[in-house]
Amino acid sequence: MDYSAARGLPGWRPRDPLFPLWWLAALRGLRRGELAGLRWVDLSLETAELAVVQQLVHVGGELVPFPPKSAAGRRTVALDPQTVRLLRRHERDRRAEKACRGEAWDDTAHVFTRRGGSPVAPDYLTYRFHRLVERSGLPPVRLHDLRHGAVTMALAAHVDLPVLQDQVGHASIVLTADTYTSVLPELHHRAARATARLVLSAARRTARKVRRGRCGWMTQV
């Protein structure tokens with residue numbers, strides 16, 4: 001992933017038109033079917049939010065919209081400013097492509113599409129991501145691992161479990177906690193170290209004040 005995008009460098013363009021999709025998967029933890037089913041009407045760049053209201057599923061060789069995996073899967077996901085910028089640029093690029101293709105464009109109103117405007121299949125996303133990982137020379141990473149990575153990074157950023165549960169659409173907070181228990185011990189150790197640093201720092205400041213007070217008293221005597 002090219003993080004020069006995160007700095008908004010002028011003239012920057014991702015080589016992969018699905019770059020914003022991978023970005024959303026990695027930072028916000030959306031499932032592949034949810035990403036494939038995302039429509040422009042579900043996206044509000046003004047309020048920096050997207051609504052997960054459907055997913056695309058292969059049924060009988062056709063892509064069919066279905067409700068999210070569970071009731072909790074129907075959710076609103078907040079977006080950071082850089083993600084909003086990426087999606088705005090993606091919207092401009094899709095409009096330009098649509099204008100070039102004219103009637104040949106299959107206007108399905110999906111955010112992420114194949115060439116020509118048709119929606120992307122979840123299986124294609126898995127295949128495409130696998131090929132990109134192979135070309136990059138990185139260790140094997142599955143598309144679903146991006147979702148796990150998004151949760152892990154959120155935990156490392158001290159996001160509360162209830163907030164994280166809503167973000168990823170888990171039906172139960174127990175599922176969120178149980179799935180990522182391997183991450184939590186390190187975070188607890190980090191919290192312990194941070195607490196100790198805070199207490200020790202306060203103790204040192206107090207000790208310095210006490211010493212200054214004693215010196216002042218001795219000077220007066």
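In which sense do strand β1 and β2 pair, and over how many bridges? Strand β1 (residues 43–44) pairs with β2 in the antiparallel sense, over 2 bridges; two strands count as paired if DSSP finds at least two bridges between them. The model is predicted, so local features need pLDDT of at least 70 and side-chain atom pairs count only at pLDDT 80 or more, whereas totals for chains, interfaces and linings use all residues. Residues are numbered from 1 along each chain as its sequence is written, and side-chain values use heavy atoms, with hydrogens and water left out.

**Overall architecture**

- The protein chain contains 8 helices and 5 strands; these are DSSP runs (helices H or I, at least four residues; strands E, at least two), numbered from the N terminus.
- Along the sequence, the elements of the protein chain follow the pattern α-α-β-β-β-β-β-α-α-α-α-α-α.
- The protein chain has 221 residues, of which 35% count as buried. Buried means under 20% relative accessible area, exposed means over 50%, and partly exposed lies in between (1.4 Å probe, protein chains only).
- The accessible surface of the protein chain is about 13,500 Å², and carbon and sulfur atoms account for 58% of this surface. Accessible areas come from the Shrake-Rupley method with a 1.4 Å probe; for residues, only the protein chains shown count as cover.
- Of the contacts in the protein chain between residues at least 6 apart in sequence, 56% join residues at least 24 apart. Contact here means heavy atoms within 4.5 Å.

- β1 and β2 form a hairpin with 4 residues between them, and Ala48 in the turn has a positive phi of about 60°.
- Within this pairing, Ser44 stands opposite Glu49 in β2.
- β2 is also joined to strand β5 (residues 75–78) by 4 bridges, and these two strands run antiparallel. The bridge partner of Leu50 in β5 is Val77.

- Gln54 lies in the loop between β2 (49–52) and β3 (55–59). With a relative accessibility of 13%, Gln54 counts as buried.
- A polar atom of the Gln54 side chain lies 2.8 Å from the backbone oxygen of Gly37.
- Apart from neighbours within four places in sequence, Gln54 is in contact with Gly33, Glu34, Gly37, Arg39, Pro65, Phe66, Pro68 and His110.

**Nonpolar cores**

- The largest nonpolar core has 28 residues, and those with the most contacts inside it are Leu50, Leu79, Phe112 and Leu125. The elements that give two or more residues to this core are α1 (19–28), α2 (32–37), β2, α3 (81–101), α4 (122–136) and α5 (143–156). The largest share, 5 residues, comes from α1.
- A nonpolar core is a set of buried Ala, Val, Leu, Ile, Met, Phe, Trp, Tyr and Cys residues joined through side-chain atoms within 4.5 Å.
- Leu125 touches Leu18, Leu21, Trp22, Arg32, Ala36, Val120 and Leu143, leaving out residues up to four places away in sequence.
- A second, separate core of 5 residues includes Ala154, Leu155, Leu164 and Val168.

**Salt bridges**

- The structure has 8 salt bridges, each defined as a side-chain nitrogen of Lys or Arg within 4 Å of a carboxyl oxygen of Asp or Glu.
- Arg31, Glu34 and Arg75 are linked in a network of salt bridges. The closest N and O atoms are 2.8 Å apart between Glu34 and Arg31, and 2.9 Å apart between Arg75 and Glu34.
- Arg75 lies in strand β5 and Glu34 in helix α2, so this pair ties together parts that are 41 residues apart in sequence.

Definitions and conventions. Polar contact = N/O pair within 3.5 Å; in protein donor to acceptor, adjacent residues only side chain to side chain.
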